Amino acid sequence: MARHRTTAPSKAPAADPAKPAVTIGLIVAICLVAANLRTSLTGVGTLLPEIERGSGLTASWGGLLSTLPLLTFAATSPLVARASHRFGTARLLVAALGTLAVGTVVRSLPSVACLFAGTVILSAAIAFGNVLLPALIRRSVPAHRIQGVSALYVTVMGVTAAVSSGISAPLSHSLPGTWHTALGWGVAITVAAFLAWLPRLRGDKPQAAGGADHSPVPWRSGLAWQVSIFMGLQSLAFYTAVAWLPSILIHDGASNTTAGWLLFYYQVIALAASSVLPLLTRGRRDQRWTALGASALTLAGFAVLLSAPGLPIVACTLLGLGGGPCLVLALTFQSERAGAPGEAAALAGMAQSIGYLVAAAGPLLLGILHDATGSWTLPLVLLLVLSVAMAAAGHGAGKDRHVRYPDAHQ
């Protein structure tokens with residue numbers, strides 16, 4: 001059985017002559033996919049109080065609705081690398097985008113059953129995009145450009161996610177169909193991404209047909225587990241904020257619309273911080289202290305939310321300053337800590353399966369704790385503890401080394 005070592009440092013960045021130059025078309029196509037990876041999810045947190053009132057869901061059921069995408073990510077992500085190996089990356093991505101459009105429409109139908117079923121369908125499609133993007137970047141982008149391209153698509157992902165958080169509540173008040181219609185507006189972006197990737201089907205061949213080896217999932221690698229846990233805890237912090245930050249702010253006296261725009265503000269700060277990160281860390285391969293510092297900012301944000309509820313701007317600023325860099329680092333680790341494109345898909349599949357399984361506990365557990373205590377104090381204390389664990393995992397995952405497969409292909 002293959003043993004996985006994690007002690008070898010990665011080489012200094014250099015242009016890869018085997019890879020073509022990064023084209024504008026490729027960047028646009030990547031960014032259109034990125035625009036679909038959170039848009040359908042972040043508006044739910046803003047609309048959750050209306051959804052609960054309109055459908056009769058309790059806070060626990062609302063937490064389950066927010067957790068379903070993460071559980072679906074965890075269940076689906078391990079399947080992506082093997083499916084990509086068999087069918088081809090571009091083909092699989094186009095199929096995922098079509099499925100995402102269908103799921104978005106189903107979720108917006110006036111039925112509680114469709115609300116949950118559509119959420120599962122669109123979440124499975126997003127899981128494929130989550131795993132395929134790091135592998136596509138590892139395959140198509142020179143090593144010295146990976147973090148920059150990752151930061152760019154995280155920025156696009158953050159912009160569309162923030163817009164969705166900000167406009168969903170106003171759309172629910174101004175459009176016929178109320179929150180049902182507001183849940184479906186993102187299908188336009190999905191169609192645009194689908195059309196952008198259709199021409200890229202030409203020449204996309206399954207790796208299995210070319211005799212390429214399929215890299216196994218590195219379950220025995222300590223580095224892979226650190227990457228996975230860091231991915232999970234930063235995702236838990238983000239999805240918990242998206243699901244419950246508006247409710248926490250409303251509990252502290254904010255209006256529904258104000259809470260939605262504060263969530264928008266948090267995500268704007270996060271994407272601004274994620275955009276600046278590559279400039280601050282240019283040429284630096286060791287990211288241990290960067291991950292530690294970003295995690296500390298996230299911890300500080302939750303601490304302010306707990307101890308000074310009258311300062312939501314400060315809390316959202318700190319959460320954004322920490323959360324944006326943590327996301328870029330988590331996605332970059334999935335590319336940089338792998339030695340080859342196939343290994344990147346395997347590592348990304350593991351990181352996102354384990355990671356989203358960890359993250360899934362957040363919204364649901366916080367909803368249960370809030371129902372049990374009638375307060376947000378205990379949920380926020382739990383987030384403080386998990387932020388410390390995130391800092392430890394990020395410090396380990398940030399070390400400049402590769403997950404190794406010394407006998408995997410023998």
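I keep in mind that the model is predicted.

**Entry 1: helix H11.** I looked up helix H11 first. Helix H11 covers residues 288–307, 20 residues in all. I read 29 Å from its first C-alpha to its last, close to the 28 Å expected at 1.5 Å a residue.

**Entry 2: the buried side of the list.** Which residues of H11 are buried? I noted Thr290, Ala291, Ala294, Ser295, Thr298, Gly301, Phe302, Val304 and Leu305. An α-helix has 3.6 residues a turn, so residues three or four places apart point the same way. Next I asked what covers the buried residues of H11. The cover includes helix H9 (222–251) and helix H10 (256–280). Helix H12 (312–336) and helix H14 (377–397) are also among the covering elements.

**Entry 3: aromatic pairs.** I found a count of nine aromatic pairs. One of them joins Trp244 and Trp376. That pair is tilted, with 5.4 Å centre to centre and 50° between the planes. Trp244 lies in helix H9, and Trp376 in the loop between helix H13 (341–373) and H14, so the pair ties together parts that are 132 residues apart in sequence. Are these two residues buried or exposed? Trp244 is buried, at a relative accessible area of 2%. Trp376 is buried as well, at 6%.

Entry 4: I then looked up an aromatic cluster. Phe73, Phe238, Tyr239, Tyr266 and Tyr356 make it up.

Terms used
Residues numbered from 1 in each chain as written. Predicted model: local features only at pLDDT ≥ 70, side-chain atom pairs only at ≥ 80, totals over all residues. Heavy atoms only, no water. Helix = DSSP H or I, 4+ residues; strand = E, 2+ residues; numbered from the N terminus. Expected span 1.5 Å × (residues − 1). Buried < 20%, exposed > 50% of the residue type's maximum accessible area, 1.4 Å probe, protein only. Contact = heavy atoms within 4.5 Å. Phe/Tyr/Trp six-rings, centres within 6.5 Å; stacked < 30°, edge-to-face > 60°.
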